[in-house]
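The exercises below ask you to read a protein model step by step. Keep the sequence and the structure in view, and try each task before you turn to its solution.

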Amino acid sequence: MRLHLGGGIYLVAGAMLGLISAVVSVDRLAARVPLSGSAWTMWGTGTGTSFYASAHYLLGGRLPPAPAQTLELSATRDDGGNALDSRCTYLIEGKPGALTWWSLATASLGGTATRVEALLDSSSSVLDADGTLYVTVSPSPRAGNWIAPPVEKTFTLLFTAAQKGAGGSAPVLPQLDVTRSGC
């Protein structure tokens, strides 16, 4: 009896360590920071990328973006390194560039699936004359491009984009700054 109990403990411990190492691998091996000093992270899903990138999306309850057609950037921190907090106000500023379509969303990642709370896209936003996008993320409505954060304390920003003629060429990554402007 004692021999079976010891073997069961090793079996459970091995399974737990395997699961933990898989989740850590998904978070660390597939993610990359596309722009130096940026708060944004990207998971490559084009041809020849690791299965860890696909696992990142599947573990979040979402299908991965279509390879070489769309890209997705996510940010859980602002440019100062602070976790995004739903009680604070953030300014997202940058030039989306020559993208066919894009969207910026706030999402909560709790539970078994990602839940998009608010969304602004290229057809419902206003850019400055020089092509700069300014978006305020705040719990209270603001003038201009505004989206609300989720009710949960921490949240994620998701920037999804489609690029004309993206098949095989490197995607054009927008430089978007995420600055906390108050709490």
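Accessible areas come from the Shrake-Rupley method with a 1.4 Å probe, and for residues only the protein chains shown count as cover. This is a predicted model, in which local features need pLDDT of at least 70 and side-chain atom pairs count only at pLDDT 80 or more, while totals for chains, interfaces and linings use all residues. Residues are numbered from 1 along each chain as its sequence is written, and side-chain values use heavy atoms, with hydrogens and water left out.

**Exercise 1. Describe the protein chain as a whole.**

Begin with the surface: the protein chain exposes about 10500 Å², and carbon and sulfur atoms supply 61% of it. Next, take burial, where buried means under 20% relative accessible area, exposed means over 50%, and partly exposed lies in between (1.4 Å probe, protein chains only). Of the 183 residues in the protein chain, 37% are buried. Then list the elements, which are DSSP runs numbered from the N terminus (helices: H or I, at least four residues; strands: E, at least two). The protein chain has two helices and 10 strands, and along the sequence they follow the pattern α-β-β-α-β-β-β-β-β-β-β-β.

**Exercise 2. Find which residues have the most contacts inside the largest nonpolar core, and which elements contribute to this core.**

Recall the definition first: a nonpolar core is a set of buried Ala, Val, Leu, Ile, Met, Phe, Trp, Tyr and Cys residues joined through side-chain atoms within 4.5 Å. The largest one has 25 residues, and those with the most contacts inside it are Trp40, Ile92, Leu104, Leu157 and Phe159. Among the elements that give two or more residues to this core are strand 3, strand 4, strand 5 (101–108) and strand 9 (156–162). As background, nonpolar side chains in soluble globular proteins tend to be buried together.

**Exercise 3. Classify the two aromatic pairs.**

Rings of Phe, Tyr and Trp (its six-membered ring) pair if their centres lie within 6.5 Å; planes under 30 degrees apart count as stacked, over 60 as edge-to-face and the rest as tilted. The ring centres of Tyr90 and Phe155 are 6.1 Å apart and their planes stand at 75°, so this pair is edge-to-face. Tyr90 belongs to strand 4 and Phe155 to the loop between strand 8 (145–147) and strand 9, so that the pair links parts of the chain 65 residues apart. Tyr90 is buried at 1% relative accessibility, and Phe155 is buried at 4%. For Trp102 and Phe159, the centres are 5.8 Å apart and the planes at 20°, so the pair is stacked. Because Trp102 lies in strand 5 and Phe159 in strand 9, this second pair ties together parts that are 57 residues apart in sequence.

**Exercise 4. Locate the two salt bridges and state how accessible their residues are.**

A salt bridge is a side-chain nitrogen of Lys or Arg within 4 Å of a carboxyl oxygen of Asp or Glu. The side chains of Asp78 and Arg180 form one of them (3.7 Å, N to O). Asp78 is in the loop between strand 3 (70–75) and strand 4 (89–95) and Arg180 is in strand 10 (residues 175–182), so the bridge ties together parts that are 102 residues apart in sequence. Asp78 is buried at 4% relative accessible area, whereas Arg180, at 31%, is partly exposed. Arg87 and Asp85 also meet through their side chains in a salt bridge (2.7 Å, N to O). Here Arg87 is exposed at 54% relative accessibility, while Asp85 is buried at 10%.
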